[in-house]
Amino acid sequence: MVTINNLHMLYGKTSVLTNINLEVPKQSVTAIIGPSGSGKTTLLRLINLLEHPTSGTISFDGIANMSSVRNPLELRRRMAMVFQKPVLFKGNVYYNVAYGLKVRNTEQSIVASLVQQALEMVGLEGYEKREPLTLSGGEVQRVALARAIVTKPELLLLDEPTANLDPVSTTMVETIFSRVIGEMGTTVIISTHDMSQGQRMANQVGVLVGGEILHIGNPLEVFNMPKDLQVAQFVGIENMLRGTITANRDGIVNVEVGDWLLEGISNFDVGTNVTACIRPEAITLSTEQTSTSARNSFYGTINAITASGPVTHVTIDCGIPILATVTSKSSDEMNLAEGTLVSAIFKATAVHILPN
């Protein structure tokens, strides 16, 4: 649906996007994740033809280099964009949702039906006469989404769509997105700094940092097998242990980290300086020193424990610092607390090894 080649964007002398290459398949969800200021919004505005790139090309559904077409309005009418802070027009909800149909000269006889369908899809049936100032933040975002989908766009662009919402509204809006994508078969590009949102919603994820896409792939690859240390750090791999490979037996390696040896999967040669990356949720905790088939088991003392809703973050001093994430229920059942002795257990396949 969208193909981007060698895209660069400058504001004055400041580089905002550098050498962006991206392919977005039809009827897929692509999440562009990255910190604030990384260029995510600019990328979506370029795709939506609100701005023109300094160099490079963006193609849409086989139409090469959209920025050079004579009538961009015809292309933009095949897309819709929902902004991080949507602005509703003066007028009631019905007027706002119907606006895109009005400017497309849609037959008046079917406008009311299409508006009703869109409002039902976002769970706002009966809100037609409500004024924008009477709506909550979540309801405003849903009206903006209804206004976008009522025209049945082939491409839907979502710019940080839940950044300003509370957790309940975020869950509701994400559910609506999933329903829209499933029922309409729309191609979606979503920008977000919420990594878990990208992981939940997307078929492919691109990590945009400092104006460059550092890694693109399916969520499993990006979040568990990042291409480099910068991506690993951004996607939440909090255990990043520097060491040296001391043995390699058919792809199963020993990594010397301080006084410890851990096992992982790698083709790097003996003597290579590496960083072993282990996601906190891949680590199992036990209050007993039991035998296990897992190749890595380290015994140590909990020196910090932090509850965060349904999960608990546990930091263990095993001679090397290890951070594990367990469910709060498991934490309670094991009576985990500072000073508790535990085993931190993880498989060799949970260790992603990157060169320093």
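This is a predicted model: local features need pLDDT of at least 70, side-chain atom pairs count only at pLDDT 80 or more; totals for chains, interfaces and linings use all residues.

I begin with the second largest pocket, which is where the strand numbering is needed. Its volume is about 240 Å³. The lining is made up of 17 residues, and those closest to the pocket centre are Asn224, Met225, Thr349, Val351 and His352. Which elements give two or more residues to this lining? They are β13, residues 273-278, and β19, residues 352-355. Of these, β19 gives the most, with four residues. By residue class, the lining of the second largest pocket has twelve nonpolar residues, four polar and one charged.

Now the largest pocket. Here the volume comes to about 580 Å³. There are 22 lining residues, and Arg76, Ala80, Met81, Tyr99 and Arg147 are the closest to the centre. At least two lining residues come from each of α2 (72-76), β5 (79-82), α3 and α5 (137-149). The most come from β5, which supplies four.

Two of the elements that line the largest pocket, α3 and α5, bring me to the helix pairs. In general, two packed helices are described by the angle between their axes and the distance between the axes.

Take α3 with α4 to start. Helix α3 covers residues 93-103 and helix α4 covers residues 108-121; their axes are 10 Å apart, at an angle of about 115 degrees. That angle is why α3 is described as roughly perpendicular to α4. The crossing of this pair is right-handed. Which residues of α3 and α4 meet? On the α3 side they are Val93, Tyr94, Val97, Ala98 and Leu101, and on the α4 side Val111, Ala112, Leu114, Val115, Ala118 and Leu119. This contact has eleven nonpolar residues, with no polar and no charged ones.

The other pair is α5 with α6, where α6 is residues 167-184. Their axes come within 10 Å and cross at roughly 10 degrees. The helices α5 and α6 are therefore roughly parallel. Is the crossing of α5 and α6 left-handed or right-handed? It is right-handed. From α5, the residues in contact are Gly138, Arg142, Leu145 and Ile149. They meet Ser169, Met172, Val173, Ile176, Phe177, Val180 and Met184 of α6. The contact of α5 with α6 contains eight nonpolar residues, two polar and one charged.

That covers both pockets and both helix pairs. I will take questions now.

Methods
Residues are numbered from 1 along each chain as its sequence is written. Side-chain values use heavy atoms; hydrogens and water are left out. Axes are lines fitted to C-alpha atoms, for helices over the stretch in contact, and angles run from 0 to 180 degrees between N-to-C directions. Angles under 35 degrees count as roughly parallel, over 145 as roughly antiparallel, 65 to 115 as roughly perpendicular and the rest as oblique. A crossing is left-handed if the near helix is turned anticlockwise from the far one by less than a right angle, and right-handed if clockwise. Contact means heavy atoms within 4.5 Å. Ala, Val, Leu, Ile, Met, Phe, Trp, Tyr, Cys and Pro count as nonpolar, Asp, Glu, Lys and Arg as charged, and the others, Gly among them, as polar. On a 1 Å grid over the protein atoms alone, a cavity is a set of points where a 1.4 Å probe fits but cannot get out, and a pocket is an open set with protein on both sides within 12 Å along at least five of seven lines; lining residues have an atom within 4 Å of a point. Grid points are joined across faces, edges and corners, and a volume is the space filled by probe spheres set on the points.
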